[in-house]
Each structure stands twice: as structure tokens, then as C-alpha cells.
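Me: Hi! I'm new to this one and would like a friendly walk through it. Could you take my questions as they come?
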Amino acid sequence: MTTQDPEAPEGVDLDRPNAARIYDWFLGGDANWAIDRQFGEQAVKTFPMIKTVARAGRDFLGRGVRYLARNGIDQFLDLGSGVPTVGNVHEVATDVNPDARCVYVDNEPVAVAHSQILLEKEGVAGRHAVLQGDLRDPADIWKRALDTGVLDPNRPIGLIMVGVLYFLGADEPVAQTIRKYLSLLPSGSYFLSSHLTDDGLQDMADADSRETIMKQYNKSSTPLTLRSRAEFTSFFEGLELVEPGIVYLPEWHPEEIESKATRKLAHDPSFVGHICGLGRKP
């Protein structure tokens, strides 16, 4: 990225940093602006491992999608998909099954614009789709996702909410929102998700750094909300949890971890402060 930022797509808020663009910067992308990079640089100074933690989240998404594709899931609804970067859902899934399809949904204009450009550049815009929308409105998102013609509502779907639920406030009906989506999914579908938590963190020496990061995000356009393991587990109510259940990111199918960054965290998985899980709808 040069010092001269490109013109922002319509609707982009450049007065405050945004989580999708910050995450893109953590992963080495270029779909971010000066205000996002300034935030990211300060976050790295406060918590030097934050880029590694971001990579661990992305790696989990890849492992989860590969698991689903290998187990017969060939269509995905990725909510809060963010800015395209290495290991996008449709790329991971089609490596396993060339017929896989995906609908991406995000409320950040930059993420949506870049996703559309990527799909058009790859010549797969007809097989995959991207929508701008608020995941807190399941009825609207579900209708518009089906209107794309990409998803077949009569066949199992992989519903993905990875790295996004902690941007929904403590006063928001997150569990009810998830249950609504799950009620719309056909039998045999899966729910893949992750969430930030401070439950069971071993390295309390970093407690001040984590608190500082929280305060930084709370001044951005996308504040963070941590939730307990119990609350996150409740999001999978009625589903059959896939082994190893609700665990820290590096503990979920560690035999498939390829990233050196994620492997760095294997000695103390709780350091990530990020739990995850995969459930199947009976």
C-alpha cells in the first residue's frame, strides 16, 4: 500500500477505523486506509502477538471449511466474511470440491467491493455471490442469499460466523439471531463459529495489554464484546458438536495446522483468548 490511499467506495466511514479493514492489515492485505493502519500499528505495540492471533483465526476458518467440504458440504453462507485475503471460503472449498458454492455477506462496503472484484477477476461471480447486509436480520439475509440462486435451501449448507460475533454488543440478541438462522437451515447443515473470550486465560501478564486493546476497539466503529465459554457453547444448542467440541483455536484439529504462526500458539492454546466450534444440525 502506498502512502496515497485509493478513493474509498461509497458509504465507507474513514472517520474511524473498521474491524474488517484492521483485520485485513493484520493479515498483510492492502484493503485498508491510513486510519486502519494507524490503529493496527498501535495495537501491535500494545499486544505484539495480535497479528499471530489474527492468523490463527484465519487458519481455523480454513480447517473448518476443509472439514465440511470433505464431509459433503458443497454450499456455504459466510456471514461477516470481511475483506478477501489468503484462504477465502470459496477457494478452500473448491480445492476439495470444484462444484462448491458460497454466498459472502458483510456490512462493510470495502469488504463487499473487494469481494465482488475478486469473484469477477476469477470469473466465478455466477457461481459465488456477495451481499452487503446486516447479519442481525436473518430473514432479510436468508431471502437475499437464496435470491442469488447460488444456494439450494433443500440441501445442507455450511453456515459460517467466524470472527464476527464479538462485534455484536452485549445487549443484542445474539443467541436468538443464531437460532433463527439455524431454524432456516435444512437437516445435515453445519454451524462453524468462533468467539473471543477471557475465560481461562493463563497468561494474565498480558491482561493489561488485552484491556488496552479492548479500549482501542471500543473507540472504533466496531467495538468488541467478549463472551464466556458457556455463553458461546449455548449458541450450539440443539446441534451435534463435532469433536473436539468447544476449544481454543489451536486445539481444533491441530493435526491439520499448516501455519507457522498458529503452531507458535500450540504450546499455550489459551493465550489466543479465542474459542471455536463446529456443530451439525440433526
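Me: To start, which residue in S3 does Asp106 stand opposite?
Reply: Asp106 stands opposite Gln132 in S3. Before we go on, this is a predicted model, where local features need pLDDT of at least 70, side-chain atom pairs count only at pLDDT 80 or more, and totals for chains, interfaces and linings use all residues. Residues are numbered from 1 along each chain as its sequence is written, and side-chain values use heavy atoms, with hydrogens and water left out.

Me: How many bridges join S2 to S3?
Reply: Four bridges join strand S2 (residues 101-106) to strand S3 (residues 129-132), and the two run parallel. Strands pair if DSSP finds at least two bridges between them. Strands (E, at least two residues) and helices (H or I, at least four) are DSSP runs, numbered from the N terminus.

Me: And what does the chain cross through from S2 to S3?
Reply: The chain goes through helix H5 (residues 109-122), in a right-handed β-α-β crossover. Right-handed here means that, with the strands pointing away from the viewer, the path from the first strand over the helix to the second runs clockwise.

Me: Which residues of H4 are buried?
Reply: In helix H4 (residues 89-96), Val89, His90, Val92, Ala93 and Thr94 are buried. Buried is under 20% relative accessible area, exposed is over 50%, and partly exposed is in between, with a 1.4 Å probe and protein chains only.

Me: What do those buried residues pack against?
Reply: The buried residues of H4 pack against H3, S1, S2, H5 and strand S4 (158-161). Contact means heavy atoms within 4.5 Å.

Me: New topic: how many cavities of 30 Å³ or more are there?
Reply: The structure holds one. About 70 Å³ of space lies in the largest cavity. On a 1 Å grid over the protein atoms alone, a cavity is a set of points where a 1.4 Å probe fits but cannot get out; a pocket is an open set with protein on both sides within 12 Å along at least five of seven lines, and lining residues have an atom within 4 Å of a point. Grid points are joined across faces, edges and corners, and a volume is the space filled by probe spheres set on the points.

Me: Which element gives the most to the lining of that largest cavity?
Reply: H5 does, with three residues. The lining includes Arg58, His90, Tyr104 and Ser115.

Me: What about the second largest pocket, what volume does it have?
Reply: The second largest pocket has a volume of about 210 Å³. Of its 13 lining residues, Arg58, Asp59, Gly62, Arg66 and Glu258 are the closest to the centre. Helix H3 (residues 50-70) gives the most to this lining, with six residues.

Me: Where is Phe236, and is Phe236 buried or exposed?
Reply: Phe236 lies in the loop between helix H9 (229-234) and S6, and counts as buried because its relative accessibility is 3%. Among the residues Phe236 touches, not counting those up to four places away in sequence, are Phe191, Leu241 and Ile246. Phe236 and Phe191 are 45 residues apart along the chain, with their C-alpha atoms separated by 7.8 Å.

Me: Last one: which peptide bond is cis?
Reply: The bond from Glu243 to Pro244 is cis, with omega near 10°. Pro244 is found in the loop between strand S6 (240-241) and strand S7 (247-248).
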